[in-house]
Amino acid sequence: MRLLTFLFITAIGPAIGNINADTLKPTESEALKYPPSLLPGNYNPAITTPSSVLGFPVGSRTSTTDQIVEIITKIASESERVSLTEYARSHEGRPLHYLVISSPENLARIPEVKADLARLADPRGLSEAEGNTIIDRLPAVAWFGHSIHGNEASGSDSALISIYHLAASLDEDVVSMLEKEIVIIDPCMNPDGRTRFMKIMEEARGVAPNVDDQSRLHTQSWPKGRYNHYLFDLNRDYIHGAHPETRGKVAAMNEWYPQLVIDAHEQGAQSNYHFSPSRQPINFNGPPQHEKWNEVFAKDQASAFDQRGWPYFNGQNYDDLYPGYTNYSKYRGAVNILYEQPGIDEDGVRRPDGSILTYKESVHHHLTSTLANLYTLAEHSAELYRDFLADRRLVTSESGPYGNRTFVVLPTRNESRMLSFVRTMKMQGFEMFTAEGDIEVASVTTQLGKNLSNMTIPRGSIVLPNRQPEARLLSAMLEFDTPFTDGMMLEERESLLRGEGSMMYEDTAWNTTMLHGLEAWTVNAHIDQNLVHYQEAVVDSGLKDVDGSIGYIINGDDDRSVGFAARAMESGISVRVLQRATRLDGNDWPRGSIVVSRNDHRTYDGDLAADIGRLADELGLSIQGFAHGTAPGDLPDVGGRYFTRLVPPSIAFVSNGKVNPLDLGAMWHVMDTHLGIRHSQLVWKGLAKFDLRRYNVIVLPDSWEPEISDAALTRLSTWVKNGGTLIANGGSAAALSAVGRKFTSARHISDTFENPGKYDLALQREWLALQKTIPDDSQIWSNVVPQDVTYPWNSESKSPGKDALKKLDDWQKIFMPKGAVLAARTDQKHWLTMGIGKQLPVLYRRPTVLMSDGSADVPVRFGVLSRIGQERWDQMQEENEGKKSARKIGWSTLPDQYEMNLRMSGLVWPEAAQRLVNTAYVTRERKGNGQIILFAYSPVFRGSTPGTGRLLLNALIYGPGLGTSQAIIL
C-alpha cells in the first residue's frame with residue numbers, strides 16, 4: 001500500500017458569512033483552526049483553483065450548487081485530463097454532471113474502453129484469450145458519488161478538491177495513476193436538496209461560528225435538505241428510478257461498469273468515520289468476491305486514517321441487504337464502498353472529549369479516503385477484472401446459481417402498471433421477453449409461496465430468464481424472498497427482546513412485481529423457447545369514435561383512467577364512473593371504467609369529442625365511443641345507478657410540523673406525475689383557522705408525532721360532516737382512531753380488547769358474505785321455527801379476555817416488521833378497490849394496526865384465505881380428537897377448512913403475523929355527509945408502489961362523488 005503524505009501548510013479561512021458594519025467581529029478560537037493543507041503537491045497554474053471561485057479556502061465553508069457547477073465547468077474547459085458530461089436535470093431544472101478524469105490518451109479512447117467493458121460484462125461467446133487481451137488493455141474505472149443527501153455537504157466539497165487535485169496536479173504519482181485509471185466524479189447528486197439546505201443554513205447562521213450540534217444551524221428546520229424537490233430520499237431510488245436524478249445516474253453508470261463505486265455520506269455529528277465493509281445482513285445475491293475486495297480496500301483506507309490518528313469503524317451500523325442504494329452497482333460487479341462522515345454543517349462540532357471536529361477536517365476525511373481507494377484500485381485493477389469476468393461467466397452458465405430459474409409476470413389489463421414495471425426493468429438493462437404463445441411448465445411458485453404443478457404460462461406474459469449477464473441484480477429485485485443467515489436471525493431476535501429495536505437498517509422486502517401489484521411466478525427452469533424479445537407496444541391512443549355515439553368509455557383497470565377523470569373534471573368535463581362491470585356495444589368494461597356521456601354535456605361549450613380525445617392522448621389512453629346504452633341481461637345500463645357522476649375534487653395536503661416529509665413528498669409526486677391537477681399544501685398548525693370549505697378532500701400524511709389540536713379536530717369534524725373526504729396515513733390515522741378523540745369508530749388494535757367479540761363478528765359477516773351460501777331450503781321455507789341454526793359464534797372456544805389479549809398484544813408488538821410485503825384481500829364491491837384485484841401485496845412498515853367493528857368499511861384487510869385440502873383437513877380434525885371448536889388467532893376466528901396466508905416477502909416474525917392478520921389496511925367510514933379514510937401505512941412509498949397507490953388515486957379523485965353526499969347546486 002502506498003502511504004499518503006500531505007503537506008501541512010495553510011490555516012483555515014473565515015468560517016462565517018460576510019460581516020456588515022452592524023455586527024461585531026467574533027472572538028478567535030484556536031480550536032476552530034485546522035492547519036493541514038487539503039491540497040498537497042504542485043499544480044498547474046493554468047487550472048482554476050476552487051478557492052478562487054469560492055472566495056474562501058475549500059472546506060472552510062460550504063459551497064453552493066451554482067459554485068460547484070461554475071468550478072467544474074472551468075476546470076473541464078482548462079484541463080486536458082477532464083471531460084464534463086451533464087447526465088440529468090433535477091425537478092427544479094438544475095444540471096447534474098459527472099467528470100471523467102484520466103490521461104488525455106485514455107480520454108481519447110473512451111468509446112473503445114466502454115466497448116471492452118461491455119464485452120467483459122456479457123462474456124457469452126468470449127474466449128479466454130480474448131478476455132485476457134481485453135483485461136490487459138483496460139484502465140481501471142472508478143466512480144465517486146457525493147452528497148446524494150443535500151444536507152450532507154462535505155462530500156461535494158471534498159469532490160471539488162479531488163477534481164482539482166486530479167486535474168491539475170503535476171506530481172508524478174498522480175500523472176502515473178491517471179495513465180492507469182479513469183476516475184469519474186459526480187460532485188453533487190442532489191442539487192435541489194443542497195440548495196434548500198444552504199438556504200436553511202444561511203438563515204440560521206450567526207456572526208460567530210457555532211459548534212453546538214443541537215443548535216438550529218446544525219439541526220435544520222422542516223423538511224431539511226436531505227431530500228430532493230419532491231422530498232424523496234434519492235439514496236433509495238436506484239432500483240425504482242422514480243426521479244430524473246436517478247434515471248440519469250443509472251444510465252450513465254451502467255455504461256461504464258465501474259470496478260469501484262464510492263458513495264460519500266454523513267451521519268450523526270458525534271459519531272466517527274465509517275467505511276465499508278458492512279455488517280450482516282448481507283444480500284446473498286452479491287458477487288462472492290465482493291467481501292474479499294471490501295477487506296482489501298478497507299485495510300488500505302484504515303492505514304491512511306491511522307497515519308493521521310483519525311478514529312474510524314466499519315461492520316457495525318450499516319447492513320447491506322437492500323439493493324436500492326448506490327450499492328445496486330455491487331450486483332453489477334463493482335466494489336461498493338460507503339463513506340459515512342460525522343455531519344458537520346459548517347464551522348465545527350464540539351465532541352464529548354471537548355475537542356472540535358471542524359468542517360474542513362470532515363472534508364479532509366473524504367479526500368483522504370478517495371485517494372487511498374484510488375491507489376488501491378490502481379494496484380489491483382487487473383485482478384478485479386479477472387474476478388468480474390469469472391463471475392459473469394458463472395451467472396450466464398447453465399451450471400451457475402441462476403442457471404435454471406425464470407421470472408414470469410402474468411398479463412394484465414392494467415397497461416400503465418405493466419409499462420411502469422417494464423421500464424424499471426429496462427432501466428437496468430435486463431434481458432426481457434414476451435411469451436409468443438402459451439408455455440407449459442412442470443411447476444411454478446406463486447407470490448404466496450404455493451408450489452403449483454403442471455401450469456401454463458399465458459401468451460403475452462413477460463418472461464425474464466435469470467440466466468443472463470445482470471442475473472445478480474435481476475434476482476435481487478425479483479426473487480420473492482432474500483434469506484438471512486441463522487446467526488443474523490438470532491442477533492435480530494435478541495435485539496428485539498432486549499428492547500434495543502430492530503437491527504435492520506432498511507426494509508426487508510422490495511420485490512418489484514409485488515410493489516407494482518402484478519401477479520408473478522417463479523419457474524425453476526430456464527425458459528428460452530416460444531419467446532420473442534420484448535418490444536414496447538405502439539399505443540393507439542386517443543378517441544376511437546363510432547357513428548351515433550352517445551358516450552365514451554375508458555378501461556378502468558388502467559391506473560391512467562383516474563388521471564383522465566381528474567384532468568377531465570378540471571377541464572370542465574362531466575365524468576361518470578362505472579361501479580359494476582358491464583358490456584356496451586359488444587365490449588366488456590370493468591368496474592372503475594370512466595364514462596363521458598353526451599347527455600351530460602348538452603350545454604358544453606366546445607368540441608367534446610376532440611377535447612376528451614386530446615386528454616386521453618396526453619395520457620397514452622384509448623377512449624372508445626359507444627352508440628347504445630343498453631347492456632345485456634342484468635348488466636348495468638348507461639342510465640342506471642351504477643354509472644355514478646363524479647364530483648370534481650379540490651384537494652389539500654397538510655404539511656410542515658411533524659409531518660413525515662417522505663410521505664407528503666410521495667403523494668405530492670403522485671399528484672404531479674399521475675394526475676397533474678392543482679392542489680394545495682396547508683401548514684399543519686393552520687387547520688384550526690383556515691377556511692376548509694375551499695376543499696372537499698384533505699389529506700393528513702403520516703406523522704411522527706401528530707399535532708392535532710382539539711380545535712383543529714373540531715373543525716375537521718364539522719368539515720367532514722358537511723361533505724368532506726378526510727384521508728389519513730400511518731401515524732395520523734393512529735391519532736384520529738384514538739379512543740379519547742371520538743373522531744372515528746376505527747380503532748387501534750390496542751384499544752379493542754374490552755369487546756373483541758364485536759370485531760370478530762364483523763369479520764365473520766365479511767367471510768360468510770364471500771361464501772355465497774345460504775341455509776338449507778328445508779329451514780328457509782319451513783313453517784316451523786328451526787331449532788338448530790348455525791351461527792358464527794357456535795363454538796366451544798371463546799375469545800381470550802381483555803387482560804390476556806393485552807398481554808398477548810404487548811408481546812406481539814415487540815416483533816413488528818420493519819418493511820415487509822403482506823398479502824391483503826380486497827372487497828371487490830367497494831369503490832376504493834377499483835382497478836385492484838382480489839389479492840393485493842401491501843408494503844407495511846409502521847406500528848399502526850387498525851380495526852373495525854363493522855361501523856367502518858374495510859375495503860382492504862390483511863390476510864388471504866386459502867382452502868385446506870380435504871385429506872389434510874380430516875387429518876387436522878383427527879388430531880383435534882373430533883372436537884368441534886373454532887380455530888382462533890388472537891381475537892379472530894378462522895373459518896372451517898381454511899388457512900390464512902399473510903407474509904409474501906421479507907422478515908415477519910410469527911408473533912407479528914398473528915397480530916396483523918385480519919386487521920385493516922384501509923378503513924372507510926361515513927360521518928355525516930362526508931367520510932373518513934384511514935390507511936394503516938402510506939399507500940404510496942418512494943414512487944415504487946403503484947399497486948397500493950391506486951387506492952390513494954381512487955380516494956382522492958372518486959371520494960367526493962362516491963363516498964359523500966354533495967348538495968345539488970340549483
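**Close-ups of a predicted model**

**View 1. The outward face of helix H5.** On the side of H5 turned away from its buried face sit Ala129 and Asp136, both exposed. Keep in mind while looking that this is a predicted model.

**View 2. The buried face of helix H5.** H5 runs over residues 128-137, and Gly131, Ile134 and Ile135 are its buried residues. Look down the axis of H5 and these buried residues fall within an arc of 100°, so they line one face of the helix.

**View 3. Stepping back to the whole protein.** The protein has 28 helices and 43 strands. Its radius of gyration is 31 Å, close to the 30 Å that the globule rule gives for 970 residues, so the protein is as compact as a globular protein of that length. Its C-alpha trace spans about 105 × 75 × 70 Å along the principal axes. If you take the contacts between residues at least 6 apart in sequence, 81% of them join residues at least 24 apart.

View 4. How much of the protein counts as buried? That would be 59% of the 970 residues. The protein exposes about 39100 Å², and 49% of that comes from carbon and sulfur atoms. As for charges, there are 98 positive and 117 negative ones, and their mean positions are 6 Å apart.

Key:
Residues are numbered from 1 along each chain as its sequence is written. This is a predicted model: local features need pLDDT of at least 70, side-chain atom pairs count only at pLDDT 80 or more; totals for chains, interfaces and linings use all residues. Side-chain values use heavy atoms; hydrogens and water are left out. Helices (H or I, at least four residues) and strands (E, at least two) are DSSP runs, numbered from the N terminus. The radius of gyration is taken over C-alpha atoms; the globule rule is 2.2 Å times the number of residues to the power 0.38. Buried means under 20% relative accessible area, exposed over 50%, partly exposed in between (1.4 Å probe, protein chains only). Contact means heavy atoms within 4.5 Å. Accessible areas come from the Shrake-Rupley method with a 1.4 Å probe; for residues, only the protein chains shown count as cover. Lys and Arg count as positive and Asp and Glu as negative; His and the chain ends are not counted. The place of a charge is taken as NZ of Lys, CZ of Arg, CG of Asp or CD of Glu. The arc is that of the directions from the helix axis to the C-beta atoms.
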